Amino acid sequence: VGRHIVFLESIDSTNDHAKKIASKALDGTLVLADEQTKGKGRMDRAWSSQKGEGVWMSLVLKPNIAPHRASVITLIAGASVARALERFGADAKIKWPNDILLEGKKLCGILTEMSAQMERIDYIVLGIGINVSTMEFPDELRDIATSLKREGHLLERRDIIIAVLEEFERMYSAYVKTGDASEAIGICREKSSLIGRDIYVISWSGKVPAKALDISGEGDLVVEYEDGSVERVISGEVSVRNR
Ligand code: BTN
C-alpha cells in the first residue's frame with residue numbers, strides 16, 4: 001500500500017476523491033490531503049480537518065475477498081494506528097470498532113466505504129483521520145476530541161503516515177492472503193477502551209445497556225445484556241456508560 005500517492009493541497013474529502021478515482025486506481029493507492037473542506041465522519045457527521053493539522057488520508061483497496069469479510073479491515077486499520085503511535089510513545093486505546101482515543105478523548109476516526117457486487121468487492125475506500133497538531137477544537141468537540149500535540153506528542157505527519165502504512169501493510173496482506181487477522185484482533189483486544197466496561201449498544205431501536213466482555217476471533221464485540229444473555233455485536237455504535 002502507498003506505492004502510488006495522490007497528494008492534494010485542498011480537497012472536499014479524501015474519501016470522496018478516492019471513490020471518484022477508485023475504478024481506475026491501482027490497489028493500495030493513497031490519497032492524501034493537507035486540508036479537507038468537507039471532511040466526513042460516520043453517521044453523516046462532519047470531520048474537522050484544518051490545513052496541516054492532521055493526517056487526512058484514504059486508501060483505495062481492492063482485496064479479493066468476500067464483501068462480508070471487509071469489516072475486519074476497519075479493525076486492522078485501527079490496530080495499525082494504535083501500534084504506529086505506540087512506536088512514538090503514545091498509549092492510544094481502541095474504541096471498537098473504529099475510534100482511537102488518547103487520554104480518553106478521540107484522536108483518530110476511521111471511515112470505511114465499500115462498493116461491492118453480490119460476492120465481489122469493486123473497491124474499499126479506507127479513510128483515516130488523525131489529529132496531529134490541532135490545539136483549538138470547535139466548541140462542540142472541545143471536551144471529546146484531542147490531538148497528539150495537545151497530549152504532549154510532537155510528531156511529524158510524515159513519520160506517522162509511514163508508520164501507519166507499515167503496520168497496515170503487514171496485517172492487511174496477512175488477512176487478504178490467508179484470512180488471518182489474529183494480530184490485528186489481538187491488538188484491538190489488548191488496547192480496547194471497552195472491554196470490562198458498562199456500555200450502551202446503540203441501534204435503530206435505541207440504547208441498550210450491556211457490559212463489554214471481549215472481542216471475538218472474528219472481530220465482533222461480545223457483550224452481556226442485563227438479562228444475562230451474551231451476544232456478538234457485528235458492527236455499529238456503542239458508547240461508554242457513566243463516565
Ligand atoms: C469518524 O470518526 O466518524 C470517522 C472520521 C474519518 C475521517 C477521515 S479523514 C480522511 C477521510 N476523509 C474523510 O472525509 N473522512 C476520513
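**Ser 192 and its loop**

I started at Ser 192, where a polar atom of the side chain lies 3.1 Å from the backbone nitrogen of Ile 195. This is a predicted model, and I keep that in mind for every entry here. I placed Ser 192 in the loop between helix H4 (182-190) and strand E8 (198-203). Buried or exposed, I asked of Ser 192? Its relative accessibility is 12%, so I put Ser 192 down as buried, the cut-off being under 20%.

**Ser 58**

Next I looked up another serine. Ser 58 belongs to strand E3, which spans 54-61. I read 0% relative accessibility for Ser 58, so this residue goes down as buried. Which side chains does the Ser 58 side chain touch through polar contacts? I found Thr 14, with a side-chain to side-chain contact of 2.7 Å, and Asn 15, where the side chains are also joined by a polar contact, of 2.7 Å.

**The ligand**

Asn 15 took me on to the ligand. A polar backbone atom of Asn 15 lies 3.5 Å from a nitrogen atom of the ligand. Then I went to Ser 13, where an N or O atom of the side chain is 2.7 Å from a ligand oxygen. For Lys 40 I had to look at the backbone, which places an N or O atom 2.8 Å from an oxygen atom of the ligand. How much of the ligand does the protein cover? I got 99% of the 420 Å² of accessible area that the ligand has on its own.

I also checked where the ligand sits, and it is in the largest pocket. There are 19 residues around it, and those that come nearest are Ser 13, Gln 36, Lys 40, Arg 42 and Lys 106. By type, I sorted the shell into 10 polar, five nonpolar and four charged residues.

Which elements supply at least two residues each to the shell? My list has helix H1 (14-21) and the strands E3 (54-61), E6 (105-116) and E7 (121-131). E6 gives the largest share, with four residues.

**Met 114**

While on E6, I looked up Met 114, which is in that strand. I recorded 40% relative accessibility, so Met 114 counts as partly exposed. I also took the C-alpha separation from Met 114 to Phe 168: 18 Å, for two residues 54 apart along the chain.

Last, I went through the backbone angles. The peptide bond from Trp 96 to Pro 97 is cis, and I read omega near -5 degrees. Pro 97 is in the loop between strand E4 (93-95) and strand E5 (99-102).

Key. Residues are numbered from 1 along each chain as its sequence is written. This is a predicted model: local features need pLDDT of at least 70, side-chain atom pairs count only at pLDDT 80 or more; totals for chains, interfaces and linings use all residues. Side-chain values use heavy atoms; hydrogens and water are left out. A residue is near a molecule or strand if one of its heavy atoms lies within 4 Å of it. A polar contact is a pair of N or O atoms within 3.5 Å; within protein, one must be able to donate a hydrogen and the other to accept it, and residues adjacent in sequence count only if both atoms are side-chain atoms. Accessible areas come from the Shrake-Rupley method with a 1.4 Å probe; for residues, only the protein chains shown count as cover. On a 1 Å grid over the protein atoms alone, a cavity is a set of points where a 1.4 Å probe fits but cannot get out, and a pocket is an open set with protein on both sides within 12 Å along at least five of seven lines; lining residues have an atom within 4 Å of a point. A molecule sits in a cavity or pocket if more than half of its atoms lie within 2 Å of its grid points. Ala, Val, Leu, Ile, Met, Phe, Trp, Tyr, Cys and Pro count as nonpolar, Asp, Glu, Lys and Arg as charged, and the others, Gly among them, as polar. Buried means under 20% relative accessible area, exposed over 50%, partly exposed in between (1.4 Å probe, protein chains only).
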